[in-house]
2 protein chains.
Amino acid sequence: MSTQTFELLILGSSAATPTANRNPTAQLLNIAERFFLIDCGEGTQMQMRKYKARFQSVNHIFISHLHGDHFYGLPGFLASMHLLGRKNELTIYGPKELEEIINMIHKHSETYLNYPLNFVYTQNTSKQLIFEDEKVEVYSLPLKHRIATTGYLFKEKPLFRNIDKYKLEKMNVSFAEIHKLKQGLDAIDNNGNSIKNGELTLDPIKQRSYAFCSDTKFFQELSNDIKDVDLLYHESTFLEEKADRAKQTFHSTAKQAAQMAVLANTQKLILGHFSARYGHLEEFLEEAKLIFPNTELAIEGQLFSL
Amino acid sequence: MSTQTFELLILGSSAATPTANRNPTAQLLNIAERFFLIDCGEGTQMQMRKYKARFQSVNHIFISHLHGDHFYGLPGFLASMHLLGRKNELTIYGPKELEEIINMIHKHSETYLNYPLNFVYTQNTSKQLIFEDEKVEVYSLPLKHRIATTGYLFKEKPLFRNIDKYKLEKMNVSFAEIHKLKQGLDAIDNNGNSIKNGELTLDPIKQRSYAFCSDTKFFQELSNDIKDVDLLYHESTFLEEKADRAKQTFHSTAKQAAQMAVLANTQKLILGHFSARYGHLEEFLEEAKLIFPNTELAIEGQLFSL
């Protein structure tokens with residue numbers, strides 16, 4: 001098992017109109033203590049307080065598109081970070097026009113943030129690497145919605161091989177040589193004997209990945225961009241009985257989300273972005289599980305760990 | 001007692017940064033079934049759902065100023081009204097730049113509201129009548145804050161005199177003549193006898209009024225604009241121990257709010273807009289009550305009836 005965290009917290013699961021129990025879209029993803037906020041619907045800052053999520057740890061915010069239920073919480077989130085003393089740089093990934101909106105709001109409210117705010121513009125013509133550091137890479141993915149929309153794919157970078165500590169204790173190997181072994185190379189012990197990598201190391205766990213796909217109509221080509229993803233969030237605004245409405249509004253049904261899970265060969269599917277017309281969500285689960293059994297619902301406060 | 005409703009529901013009581021229990025400023029005032037939304041901080045639409053307030057009954061929204069904690073809930077509120085099928089005209093009262101912000105957000109999210117949206121621009125140089133119908137009038141009031149800010153004064157129009165039904169039963173008076181009596185005029189009964197107004201009518205209850213004053217530093221002249229108001233909401237971001245900080249940030253202390261209540265000769269004071277630094281609010285009440293005993297705290301969900 002990796003000691004590196006890979007955890008997704010659901011902050012909001014509703015479609016355009018929130019309900020008494022469901023907040024608009026927002027998720028907090030923690031990979032190796034990088035906190036990625038994904039969409040930021042109205043009330044996200046209150047939801048983070050409610051679930052005691054670490055506010056100032058967020059350095060990257062990914063906005064899928066400019067329908068209000070995916071970003072109306074952003075101005076308040078930025079303001080509270082400022083008022084609570086943030087100094088660290090923050091980067092927002094999203095459509096170009098988002099910067100215009102934020103700048104205008106700040107201008108008219110005479111807001112001057114005490115921290116540097118960067119924008120990285122997304123485009124939705126092809127899959128693009130938009131962020132990477134030594135442990136994580138993030139791609140934007142074209143989705144098909146009424147306005148320009150991107151999903152996001154979060155992937156761990158190749159992990160070091162694990163050293164077999166029991167075997168290592170019996171040997172005499174320097175730190176420099178251990179580092180070589182972790183990278184998959186052979187090494188030499190302090191007595192000059194060569195060590196084959198396989199003698200002292202174990203396979204690292206697979207690089208884990210998470211794909212966020214909201215909002216979009218079902219389209220088969222998406223599966224190429226998210227092939228073999230471990231955890232897939234796919235919107236399911238409607239049940240299949242409303243497939244016509246889904247098509248009209250460029251949304252998906254629970255059945256279609258499950259079909260995408262199959263096509264993408266994922267391990268687990270999370271459904272979300274439920275229309276306010278549905279009081280109970282059991283039918284979403286039933287509909288999807290007929291096609292893809294390992295399906296769960298996005299519920300506010302729920303944590304998915306890989 | 002008047003049968004006309006005059007009720008204020010508190011939807012949010014926090015200053016700039018919300019806390020786990022306190023939402024940013026929003027209030028819903030019902031005078032004679034006119035529903036006035038006063039400020040619209042982030043999460044107002046969720047708060048209205050929580051307290052089962054009538055969403056679509058709001059036809060007038062009054063925004064005090066363009067600091068985010070007073071209007072970041074507005075775009076989401078407007079969008080949900082649209083999605084829930086609103087057709088009726090809605091009017092927003094606030095600074096001119098608010099229209100620019102809303103228009104830009106709607107442009108980039110390709111939002112086309114299904115109902116007419118009007119803007120009435122406020123200015124903060126003098127008290128202005130900005131709305132009236134047959135039962136209510138609303139004035140904007142200049143406040144003194146870091147950016148252009150207005151308070152609002154809501155007043156019932158003169159009410160009809162009440163007919164003394166016990167006396168009326170013993171007499172023979174036409175509907176037309178009863179209407180004259182309600183208006184304060186004398187009348188003639190069906191036998192041609194004159195009736196002095198005082199014989200058959202009782203005084204109506206006093207025209208009730210509510211003043212909303214947030215955000216502002218303390219300044220004595222404000223009391224002239226809200227003289228004799230029945231119910232006064234006055235911000236108290238800080239306790240008196242932070243009077244310096246209040247002055248610096250153009251806010252008020254609980255003590256200053258109480259002083260304003262005395263100067264304005266009000267019946268009841270409501271304190272609100274509490275800084276997130278205060279976990280408990282008892283001291284606000286204690287501090288204000290030393291000067292103005294009939295003080296209460298704005299607490300989410302609380303209803304004040306006149």
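In strand β15 of chain A, the residues Leu231(A), Tyr233(A) and Glu235(A) point one way while Leu232(A) and His234(A) point the other, and all are buried. Here a residue is buried if 20 or more other C-beta atoms, placed from the backbone, lie within 10 Å of its own. This is a predicted model, in which local features need pLDDT of at least 70, side-chain atom pairs count only at pLDDT 80 or more, and totals for chains, interfaces and linings use all residues. Residues are numbered from 1 along each chain as its sequence is written, and chains are lettered from A and ligands numbered from 1 in the order in which they are written.

**Around strand β15**

- Five of the five residues of β15(A), residues 231-235, are buried, so this strand is largely enclosed by the rest of the structure.
- Strand β14 of chain A (residues 209-213) runs parallel to β15(A), joined by four bridges; strands count as paired if DSSP finds at least two bridges between them.
- Across that pairing, Tyr210(A) stands opposite Leu231(A).
- Five bridges join β15(A) to strand β16 of chain A (residues 268-272), and these two also run parallel.
- Ile270(A) in β16(A) is the bridge partner of Tyr233(A).

**Chain A as a whole**

- Chain A holds 10 helices and 18 strands, which are DSSP runs numbered from the N terminus (helices: H or I, at least four residues; strands: E, at least two).
- Its C-alpha trace spans about 70 × 50 × 35 Å along the principal axes.
- Of the 306 residues of chain A, 46% count as buried.
- An automatic or database assignment gives domain 1 (6-159 + 205-305) and domain 2 (162-202) in chain A.
- The centres of these two domains, taken over C-alpha atoms, are 42 Å apart.

**How chains A and B meet**

- The contact takes 32 residues from chain A and 31 residues from chain B; two residues are in contact if their C-beta atoms, placed from the backbone, lie within 7 Å.
- On the side of chain A that touches chain B, the elements giving two or more residues are α1 (44-50), α2 (74-83) and α3 (97-108).
- Of these, α3(A) gives the most, with six residues.
- A rotation of 180° with 0.0 Å of shift along its axis superposes chain A on chain B, with an RMSD of 0.1 Å (least squares on C-alpha atoms of residues with pLDDT of at least 70 in both).
- The two copies are thus related as by a two-fold rotation axis.
- In chain A, the C-alpha nearest the axis belongs to Gly43(A), 2.6 Å from it.
- Because 97% of the interface residues of chain A are also interface residues in chain B, the copies meet through the same surface.

Terms used
A residue is buried if 20 or more other C-beta atoms lie within 10 Å of its own, exposed if 12 or fewer, and partly exposed in between; C-beta atoms are placed from the backbone.
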